[in-house]
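The sequence and coordinates are shown first.

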Amino acid sequence: MQKLGDFKLPHFFNYPPYFTLQPVRDTRNKQVQLWKELILDYCRTQKIFVVGLEEDFPLFSNPVVERSLSHEAREAFLSALVSEGRAEWLDKGHRKCLILWHRIQEWADIILSFVKDNGLEDSVMTVEEIRSGTESRGTELHGIDRTILIRALRLLEQKGKLAIFKGTSTDDEGVKFSL
């Protein structure tokens, strides 16, 4: 089985036709499903939050079979993730895509578990501490994309689980948990 770093690639990755959009609807549906799962799994294990269509994303080419996905295929697979709520286009031109291997509600649940597991129910943390502090090391929150984190925190704020307050800069935005 071929690997990309420590990531094991699925068998279809070495099958050249899967790098070309398939014309038969049933075959294309299967192809799209396999690529969606691969993109989500790879991004989750590698902690990749943004995929650029024009960038050198490792999954988009396979030198072993000398194949690369066309721009159309890349956009088709990412658009399929967008239509399922597993990704969002970050720009009108569909050049960058925010990958949501966890939906925003799931990230909010992970934050709540993190707060409870660390006894932070009535404490204050900065957004940066949640993303890169010692408490978050070894958790899925460590290194989380700021956009995703803020959206999950706002969702929790709407539910009355915390309050977000502005600091003098974005580095010191605070969060007061009240669980």
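D41 forms a salt bridge with R44, with 2.4 Å between the closest N and O atoms; the term denotes a side-chain nitrogen of Lys or Arg within 4 Å of a carboxyl oxygen of Asp or Glu. Both residues belong to helix α1 (residues 25–46) and stand three residues apart, about one turn of the helix. Helices (H or I, at least four residues) and strands (E, at least two) are DSSP runs, numbered from the N terminus. D41 is partly exposed at 29% relative accessibility, and R44 is partly exposed with a relative accessible area of 36%. In this classification, buried means under 20% relative accessible area, exposed means over 50%, and partly exposed lies in between (1.4 Å probe, protein chains only).

The model is predicted: local features need pLDDT of at least 70 and side-chain atom pairs count only at pLDDT 80 or more, whereas totals for chains, interfaces and linings use all residues. Residues are numbered from 1 along each chain as its sequence is written, and side-chain values use heavy atoms, with hydrogens and water left out.

**Salt bridges**

Side chains of opposite charge can pair when their charged atoms come close.

| Salt bridge | Closest N and O atoms |
|---|---|
| D41 and R44 | 2.4 Å |
| R146 and E128 | 3.3 Å |
| K166 and E173 | 3.1 Å |

R146 pairs with E128 at a closest N and O separation of 3.3 Å. This pair links distant parts of the chain, R146 lying in helix α5 and E128 in helix α4, 18 residues apart. R146 is partly exposed, with a relative accessible area of 22%, and E128 is partly exposed, also with 22%.

K166 forms a salt bridge with E173. Through shared partners, salt bridges join E128, R131, R146, K166 and E173 into one network. Within it, K166 is exposed at 62% relative accessibility, while E173 is buried at 9%.

D145 is placed in the loop between α4 (127–132) and α5 (146–158). A polar atom of the D145 side chain lies 3.0 Å from the backbone nitrogen of T147. Leaving aside neighbours within four places in sequence, D145 is in contact (heavy atoms within 4.5 Å) with F49, V50, L98 and R131.

**Sheets**

Two of the residues in contact with D145, V50 and L98, are bridge partners, with L98 in β7. Strands β3 and β7 (residues 96–99) pair in the antiparallel sense over three bridges; two strands pair if DSSP finds at least two bridges between them. These strands belong to an open sheet of three strands in the order β3-β7-β6, with antiparallel pairing. Its edge strands are β3 (50–52) and β6 (87–89), each pairing on one side only. Neighbouring strands of this sheet are turned by 25° against each other on average, direction ignored.

Another open sheet of three strands has the order β8-β10-β9, again with antiparallel pairing. Here β8 (124–126) and β9 (162–165) are the edge strands, and each pairs on one side only. The twist averages 25° from one strand to the next. β8 and β10 (residues 174–177) pair in the antiparallel sense over three bridges, and V175 in β10 is the bridge partner of M125. Helix α5 lies across β9 and β10 and runs at about 125° to β9; axes are lines fitted to C-alpha atoms, for helices over the stretch in contact, and angles run from 0 to 180 degrees between N-to-C directions.

**S61 and the chain as a whole**

S61 lies in strand β4 (residues 61–62) and is partly exposed, with a relative accessible area of 28%. Not counting residues up to four places away in sequence, S61 touches F13, F19, R67 and S68. The C-alpha atoms of S61 and F13 are separated by 9.2 Å, although the two residues are 48 residues apart along the chain.

The chain has five helices and ten strands, and its C-alpha trace spans about 55 × 35 × 30 Å along the principal axes. Of its 179 residues, 42% count as buried. Among contacts between residues at least 6 apart in sequence, 54% join residues at least 24 apart.

Technical notes: A polar contact is a pair of N or O atoms within 3.5 Å; within protein, one must be able to donate a hydrogen and the other to accept it, and residues adjacent in sequence count only if both atoms are side-chain atoms.
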